[in-house]
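Dear colleague,

Please find below the structure that I am handing over to you. My findings follow it.

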Amino acid sequence: MSQLSKKETFSTLGTLRSYERAGRGIILDFGGPRVAITVLTQRVIRVRLAPDGTFAARRSWAVARADDQFPQVAFEIEESGGALTLKTASLAVLIERDRGSLSFADAEGKPFCADETGMQWGEPEAGTRRVACTKRIEADEHFFGFGERTGPLDKLNRQLINWATDPALGHGPGTDPLYLAIPVFMALRHGLAYGIFFNNTWRSRFDMGARRPGTWTMEAEGGELDYYVVFGPAPQQVSEGFAALLGTMPLPPRWALGYHQSRWGHATESMVRELAGEFRRRGIPCDAIHLDIDHMNGYRVFTWNPQGFPDPQTLLSDLRRNGFHTVAIVDPGVKSDPDFRVYREGMERDAFIRRADGSVFHGYVWPDDSVFADYTRPEVREWWGEMQKAFVDAGISGIWNDMNEPTVFELPYSQGTGEVGTIDLDAIQGPEGEQTIHAEVHNLYGQGMARASYEGLRRYLGERPFVLTRSGFAGIQRWSACWMGDNSSWWEHLEMAMPQLMNMGLSGVPFVGTDIGGFVGNASADLFARWMQFGALSPFCRGHSMIATEHHEPWSFGPRVEAICREFLRLRYRLLPYLYSLFWEAARHGTPVLRPLLYHFPDDLATYQLHDQALLGPQLLMAPIYHPGREHRYVYLPAGAWYDWWSDELIAGPAHLLAHAPLERMPLYVRAGAIIPGGPDLSYADERALDPLTLDLYPGDGTFTLYEDDGRSFEYERGQFCTTSYTLRRTGGRLDFEIGPREGAYIPPARQIVIRLHGVDEQAMEGHPGASFDPEHRLLTLQFSDDGSTRTLRFKMQ
Ligand code: GLC
């Protein structure tokens with residue numbers, strides 16, 4: 001970021017002159033510059049700087065709720081000596097009068113997020129100015145989140161740029177930025193987590209101790225110094241704070257949690273039919289087929305290639321009958337062609353971005369000469385949304401938005417692409433009366449496009465839509481799932497996928513995945529198998545590959561790998577009730593679906609650097625293999641008791657162990673006390689009702705809440721859902737399993753419940769005449785019909 005490194009004189013706050021209590025917070029006056037501190041919840045505080053003293057009425061592009069939409073919260077102001085303190089029930093903000101520096105403290109007075117140099121601003125330049133703020137890094141403090149990144153889990157000592165970018169293919173550990181720009185992070189140390197959302201859409205940078213050890217900085221090339229501090233002290237509370245601020249993912253349709261198959265190069269109807277048929281013939285579950293740019297007529301968005309896809313409606317309805325949903329790609333570049341309806345309509349509505357000189361901006365993408373809609377304008381989003389209708393009428397249920405950083409090629413695609421760039425930074429964008437330049441809203445391009453797609457689809461589909469996007473900003477989860485762009489078929493990219501997805505989850509975006517097997521290049525058989533094992537337990541599960549590469553379908557690598565893919569995808573489908581409940585939790589509280597271990601063990605510093613193990617929800621721990629030919633790997637299990645998923649062996653944590661993992665096995669562990677709801681084998685998610693409902697129990701103490709609804713409509717927003725809480729309690733020689741009352745209006749179909757109690761001895765059968773016991777696996781199985789009523793089962797333990 002050359003601009004920000006430029007040597008320049010920055011101004012800083014001087015001495016606090018006066019302050020006034022103003023509505024939800026206080027305004028500090030530094031004799032010119034002013035700072036507003038707003039209390040949004042007792043844990044979420046907003047800090048805004050006005051260098052010239054005026055707080056402009058400004059759009060906050062990304063937040064889900066404006067300040068005045070938060071309920072009023074009580075706070076107090078205390079003055080003592082050289083400091084002013086604002087106190088909520090959970091935290092304090094301390095303002096030093098002589099330097100104007102801010103620091104925060106928890107209820108015990110433990111400091112966090114303390115200013116070092118504090119707030120700074122540059123000279124006005126072309127209507128804006130650079131802003132920066134430098135704070136102290138506390139001892140043993142580490143940093144996570146930051147959206148989509150390469151590199152390790154912990155971002156201490158790294159610099160991270162927020163600028164949506166389509167990087168050159170084959171990106172490495174030093175490549176930054178990537179497609180999504182999400183200026184959100186979580187700081188963590190023993191006993192204290194807090195989050196930051198830097199509310200600035202300009203090109204910005206976080207420096208987490210790289211430039212000046214012991215300090216971190218957020219800085220932007222323009223806009224306001226405006227940030228939110230989200231106090232924990234636990235990581236879960238940070239997620240909840242981000243959720244209150246940036247919103248959460250709407251519940252996706254259940255089918256979207258199934259396996260998606262994609263490939264650039266599925267250019268004809270017969271290829272698609274054959275692909276779908278192959279899944280069913282081979283008994284490999286699959287829910288969605290993605291159509292890449294090959295389906296279009298000359299890369300014109302929302303059209304069909306008449307040769308390859310002469311009758312999309314029949315194709316899509318045949319697929320649907322066979323349990324497949326179809327997702328079509330939609331790129332932002334609209335072919336500049338007066339005979340093309342979308343171009344004509346857009347021109348008539350003046351929907352396309354204009355250059356500084358007022359002419360329509362043109363750039364090259366797949367259809368060569370193209371123009372780009374301005375999704376910051378509500379009426380343009382509305383128009384783009386309407387375009388989804390023709391797709392919905394053809395039978396499309398999901399939209400895949402790509403190239404929306406946006407990418408603009410240097411050369412026409414027909415002549416290669418040359419360098420990859422974007423829209424002119426001084427191009428004009430923005431709603432009527434609020435116009436700005438592309439530099440301010442570049443990072444929002446993908447977000448606006450995904451939003452237009454979601455809102456349009458939602459309108460016409462009448463069911464929950466599925467949207468997938470490559471680019472986006474903070475809050476993208478409100479409209480779309482995200483995949484991590486064009487990875488390569490490298491072991492290094494499988495390794496990178498883990499911290500990438502976990503950090504996305506910590507940034508508030510739960511529905512995330514990588515192209516299984518890698519997009520660029522040819523996967524080896526073992527790489528594909530290992531990637532599928534991780535992908536099958538990733539929130540978004542899609543195989544995708546680049547045109548002209550070897551095929552990357554689950555059966556492309558011979559029978560051994562095919563069997564592995566079948567087993568792991570079947571496992572995903574059996575786990576759908578568990579997974580769907582995790583998605584509900586994410587939709588309610590912003591909780592990540594895939595979590596780093598530090599999320600549940602924040603006081604165990606050994607988890608902070610653990611980039612290659614992940615938790616799917618609170619109960620399942622995976623330790624993927626990401627090296628060729630490896631059949632063993634180290635695994636760290638934090639404090640508590642764990643069960644090996646495959647053998648049911650009980651392991652006491654904390655422990656480092658060497659797991660044996662032949663190609664057929666990804667090391668998987670279950671927390672003692674786990675209750676994992678599962679279902680039957682399925683070819684696709686909605687193939688049949690959840691019957692039997694299997695509850696896998698692992699002795700210990702724990703709870704889990706199963707969430708159920710119809711899986712596709714918006715009725716759940718009107719209360720048509722139900723939850724059942726389960727509790728497992730171990731006391732002395734006893735294990736109690738309690739099925740709580742089913743709550744809510746939705747009534748699931750009648751069914752059997754199968755209890756599978758792991759790791760027990762024969763005596764657990766006592767008092768359960770219908771139970772069967774498998775001594776080899778130490779597994780007790782018990783079945784009864786589920787009438788929705790509460791019950792407690794008591795098992796005798798050693
Ligand atoms: C971009 C996408 C990739 C897609 C290709 C062609 O590279 O990231 O997923 O296959 O464009 O549409």
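A residue is taken to be near a molecule if one of its heavy atoms lies within 4 Å of that molecule. The model is a predicted one. In it, the ligand is surrounded by Trp264, Asp292, Ile293, Ile329, Trp366, Trp400, Asp402, Arg470, Trp483, Asp486, Phe519 and His544. Sorted by class, this shell comprises seven nonpolar residues, four charged residues and one polar residue.

A polar side-chain atom of Asp486 is 2.5 Å from an oxygen atom of the ligand. For Asp402, the distance between a side-chain N or O atom and a ligand oxygen is 2.9 Å. For Arg470, a side-chain N or O atom likewise lies 2.9 Å from an oxygen atom of the ligand. The ligand taken alone exposes 310 Å², of which the protein buries 97%.

Turning to the protein chain as a whole, it has 50 strands and 13 helices. Its radius of gyration is 27 Å, close to the 28 Å that the globule rule gives for 798 residues, so the chain is as compact as a globular protein of that length. The C-alpha trace spans about 80 × 70 × 50 Å along its principal axes. Of the 798 residues, 62% count as buried.

As to domains, the chain is divided into domain 1, covering residues 11-246, and domain 2, covering residues 689-796. The centres of domain 1 and domain 2, taken over C-alpha atoms, are separated by 44 Å.

With kind regards

Notes. Residues numbered from 1 in each chain as written. Heavy atoms only, no water. Domains from an automatic or database assignment. Polar contact = N/O pair within 3.5 Å; in protein donor to acceptor, adjacent residues only side chain to side chain. Areas by Shrake-Rupley, 256 points an atom, 1.4 Å probe, with all protein chains shown as cover. Nonpolar A, V, L, I, M, F, W, Y, C, P; charged D, E, K, R; others polar. Helix = DSSP H or I, 4+ residues; strand = E, 2+ residues; numbered from the N terminus. Rg over C-alpha atoms; globule rule 2.2 N^0.38 Å. Buried < 20%, exposed > 50% of the residue type's maximum accessible area, 1.4 Å probe, protein only.
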